[in-house]
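User: Please examine the model shown here and answer some questions on helix packing and backbone geometry.

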Amino acid sequence: MTEALRAVIADDQALVRTGFRMILTADGIDVVAEAANGDEAVAAVRRTRPDVVLMDIRMPQMDGLEATRRILTGGAEDTRVLILTTYDLDHYVYAALAAGASGFLLKDVEPEHLVAAVRLVRAGDALLAPTITRRLVERFARRDNGRPALHRDLSELTPRELDVLRLLATGLSNAELADRLSLSVATVKTHVARILSKLGLRDRVQAVVVAYETGLVSPGGAG
């Protein structure tokens, strides 16, 4: 048997934590810790080394954004963070994605979607479909908005990899990328993996953010 997926739930509402714990444990996911604020979340991750953290954005003492930054820059390379928010396209979510979060969920998510999301990011994929990510990035990604940017140098990418990144940011799946570029899906996956490796990115979500922040794709111009 494979080792059980391990999760931490960080939310200042006990009822939310309890509900999510019940949903996850019912599907065989091991909730190894809960946290009511960002400080507790960082400490819980350092103590338990979970696979996935469900992270509320708005918490007392330390918010989920700062907690995400500390977790993902503090040696927890194998831990994935899913942002929890009450509001669709909460402006904090963009900053969290730029900080390394692997996607976001609305708190009224259906139970089966919650479980699927946790398993998806644990497998190394980004939760957000690129089209959703694009909508979020187009709204908030501006070079002069004061939010932390990823600052990646695209000069290391080959012309083909630049093509793949540009199209990836428009919301195309691997199959659609393969069709557009007349490549096999396996070759597209290889290109995407090399892009992530060269740019030091965790997943496709960050790749979309980088495409906008570097000007490779312009907000409103990637349709």
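Analyst: Helix 7 and helix 9 are roughly perpendicular to each other, a term for angles of 65 to 115 degrees. This is a predicted model, in which local features need pLDDT of at least 70, side-chain atom pairs count only at pLDDT 80 or more, and totals for chains, interfaces and linings use all residues. Residues are numbered from 1 along each chain as its sequence is written, and side-chain values use heavy atoms, without hydrogens and water.

User: At what angle do helix 7 and helix 9 pack?

Analyst: Two packed helices are described by the angle between their axes and the distance between the axes. Axes are lines fitted to C-alpha atoms over the stretch in contact, and angles run from 0 to 180 degrees between N-to-C directions. For helix 7 (residues 159-168) and helix 9 (residues 185-199), the axes lie 10 Å apart and the angle is about 95 degrees.

User: Which residues of helix 9 meet helix 7?

Analyst: Contact means heavy atoms within 4.5 Å. From helix 7, the residues R160, E161, V164, L165 and L168 take part, and in helix 9 they meet H191, V192, R194, I195, K198 and L199.

User: Is S182 buried or exposed?

Analyst: S182 is found in the loop between helix 8 (174-181) and helix 9, and its phi is positive, near 55 degrees. Buried means under 20% relative accessible area, exposed over 50%, and partly exposed in between (1.4 Å probe, protein chains only). With a relative accessible area of 66%, S182 is exposed.

Note on methods
Helices (H or I, at least four residues) and strands (E, at least two) are DSSP runs, numbered from the N terminus. Angles under 35 degrees count as roughly parallel, over 145 as roughly antiparallel, 65 to 115 as roughly perpendicular and the rest as oblique.
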